Each structure stands twice: as structure tokens, then as C-alpha cells.
Amino acid sequence: MFKDQDIQIIAFDADDTLWENEPYFREADALFCDLLKEHLPPHVVSQLILESQVKNLPLYGYGVKGLVLSMIETLGEITNGKADFAMVEKVMEFGKTILNKPVVLLDGVTEVLESLRGHYRLVVATKGDLLDQERKLKNSGLLDYFHHIEIMSNKKVADYRKLLKHLDCKPENFMMIGNSLRSDILPVLELGSNAIHIPFHITWAHEMVEEVPVSDQFMQLDSISELEKIVFIDKVEKGLEQLNTGNTISHTQVKEDVKHFGK
């Protein structure tokens, strides 16, 4: 319940935490495999594109553009450079299709953000292509809920440390929520912050790790809808503890939190 912490900032990953994303990449992967079905079996093509994406992350970063460039590179390797431009155009179309997908919010997202607004500073901390993430944030209708938007090139400990410095936030006052153990949870815990893992039903292979962390600063939920009860129970309990010990706190604020939680 994070009882020993005073959470002030809650940061959310975006893709597959606030809205759907990975299913569109899976669709593009399937189309790419079909495009090369006369050359290699689908599972082999899928593995090759994964290896190409991971290899190219330092150059292209995360997101649709990196996927398309890696696909074009893989297309050339599989066909020994004999692929015609029409095949390249199809790969480019796969990427444009993803970029033109509507933003589909996950169930409960709007309700949770509405309940947290005004009680915590809310932040988006997400990887991906800058223009694409800006587009999705704009089209999501969620921008007004957030104090700060951080589109990150990576999510290592150093990247989160830089973010906390910018937010003027101590690690123990920060909570990260996301679907990736590798990117959203493990580096945050290593930094000394709090983290909640909300798995999505499919995850990019590169983001998967086998072991779930064990920590007093970690929790796993089945859906984002469960988040409101977790953070508000914790917030109200802290307020009541401070009242009982005689510490200074606004009685009105505690009552408002209890009232809000009871909605």
C-alpha cells in the first residue's frame, strides 16, 4: 500500500497503459510476414524483424518509424537486395496505417484520471516517436489531466533520474504506472521510487522479463480501474494517521479524500 511513502507525483506510461498500441504493431508484423511468405516461414520472418528492431534501437529509437526502417532493412536482407520498390512501398504503408489508427483508450482510464486530478501531480512518461506520441496525446482527449508530458528516448535509471530532477521530485515521492516490467517498473524500483505494473494482454517481446519483482514499493494490478482504490485508501489512511498522532494536516482535506473515495 506504499504506506511509508508520501506519493506526490504519479506518472503513467502511454502505449498499452492509457491506450491500445501493441495490437497495431502485431498487425503490421503479420502483414510483413505475409509479404515475405514465399521466402521464409512467418515465425522466422517475425524473429528477424524483432532482431533488426532491437539492433537498431540506438539508431532509430522506439516507435513506428523505427519499425518501418527495420522492416525495409530486413526486406533487403531476406531477398538479398532483390526486393522491388513496390514491396518497399507496401512496408511504408504498413507504418502509415499504424500512424493513422484512432486512439482507443483502455477501459477505466478517463475515470481514474478524473478521480486523481487535483490530488496528485499527474505526468505522462512514455517512449516512442515524438510526433506520433504528440498526435496520440492530442487525439486522446487526456492532455488536460497532466501536469507534464515527457516523451523519452529510453527508460533507464538515468532517464528517470533526469525526469525526477526536472520535476523537482524525490524518488520516494514518485510513482510510475505502466505495462512493461523492463521499462516502467524495474528502473523505477532501482531508483528507489514506487511502481505499479498493469499488464496488457500482449507485450512486445523485447519488453518482456520473466521475474516479477518483490518489493514493498511494487504492486501489480489487473486493470487501471483498480488504481483509484489503491492510491486513495493509502492517501486517506496517511491522513488519518497524521490526525491521530497530532501532526498538522487539514481536516477538510482528509474529509474530502474520504468523500471522493466513496464516490
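**Figure 1. The whole chain, seen as a predicted model.** The chain exposes about 13,800 Å², and carbon and sulfur atoms supply 52% of that area. The model is predicted. Its fold is built from ten helices and six strands. Of the 263 residues in the chain, 49% are buried. Contacts also reach across the sequence. Take the contacts between residues at least 6 apart in sequence: 69% of them join residues at least 24 apart.

Figure 2. S70 sits in helix 3, which covers residues 64-78. Is S70 buried or exposed? Its relative accessibility is 1%, so S70 counts as buried. The cut-off for buried is under 20% relative accessible area. Look next at the side chain of S70. It makes a polar contact with the side chain of N56, at 3.1 Å. Now leave aside the neighbours of S70 within four places in sequence. The residues in contact with S70 are then I49, S52, Q53, N56 and Y60.

**Figure 3. A nonpolar patch on the surface.** Three residues form this patch: L59, Y60 and L69. Together they have about 310 Å² of accessible area. L59 belongs to helix 2, residues 42-60. Its relative accessibility is 67%, so L59 counts as exposed. The cut-off for exposed is over 50%.

**Figure 4. The aromatic pair.** How many aromatic pairs does a search of the whole structure find? It finds one. The partners are F12 and F146, and their arrangement is edge-to-face. The ring centres are 6.3 Å apart, with 70° between the planes. Where do the two residues lie? F12 is in strand 1, residues 9-12. F146 is in the loop between helix 6 (130-140) and strand 3 (148-152). The pair therefore ties together parts that are 134 residues apart in sequence. Both F12 and F146 are buried.

**Figure 5. A salt bridge between K101 and E27.** Side chains of opposite charge can pair when their charged atoms come close. A search of the whole structure finds eleven salt bridges. One of them joins K101 to E27, with the closest N and O atoms 3.3 Å apart. K101 lies in the loop between helix 4 (85-99) and helix 5 (109-116), while E27 lies in helix 1 (residues 22-35), so the pair ties together parts that are 74 residues apart in sequence. K101 is partly exposed, at 22% relative accessible area. E27 is partly exposed too, at 40%.

**Figure 6. A salt bridge between R117 and E114.** The closest N and O atoms of R117 and E114 are 2.9 Å apart, and the two residues form a salt bridge.

Figure 7. D132 forms a salt bridge with R135. Their closest N and O atoms are 2.8 Å apart. What separates the two residues along helix 6? They are three residues apart there, so about one helical turn lies between them. D132 has 6% relative accessibility, so D132 counts as buried. R135, with a relative accessible area of 22%, is partly exposed. Salt bridges that share partners join D15, D132, R135 and K136 into one network.

**Figure 8. V209 and its contacts from elsewhere in the sequence.** V209 is found in the loop between strand 5 (194-197) and strand 6 (218-220). V209 has a relative accessible area of 29%, so V209 is partly exposed. Which residues touch V209, once its neighbours within four places in sequence are left aside? V209 is in contact with L181, R182 and L186. Consider R182. R182 and V209 are 27 residues apart along the chain, and their C-alpha atoms are separated by 6.4 Å.

Definitions and conventions
Residues numbered from 1 in each chain as written. Predicted model: local features only at pLDDT ≥ 70, side-chain atom pairs only at ≥ 80, totals over all residues. Heavy atoms only, no water. Helix = DSSP H or I, 4+ residues; strand = E, 2+ residues; numbered from the N terminus. Buried < 20%, exposed > 50% of the residue type's maximum accessible area, 1.4 Å probe, protein only. Contact = heavy atoms within 4.5 Å. Areas by Shrake-Rupley, 256 points an atom, 1.4 Å probe, with all protein chains shown as cover. Polar contact = N/O pair within 3.5 Å; in protein donor to acceptor, adjacent residues only side chain to side chain. Patch = residues over 30% accessible without salt bridge, like charges linked within 9 Å, V, L, I, M, F, W, Y side chains within 5 Å. Salt bridge = Lys/Arg side-chain N within 4 Å of Asp/Glu carboxyl O. Phe/Tyr/Trp six-rings, centres within 6.5 Å; stacked < 30°, edge-to-face > 60°.
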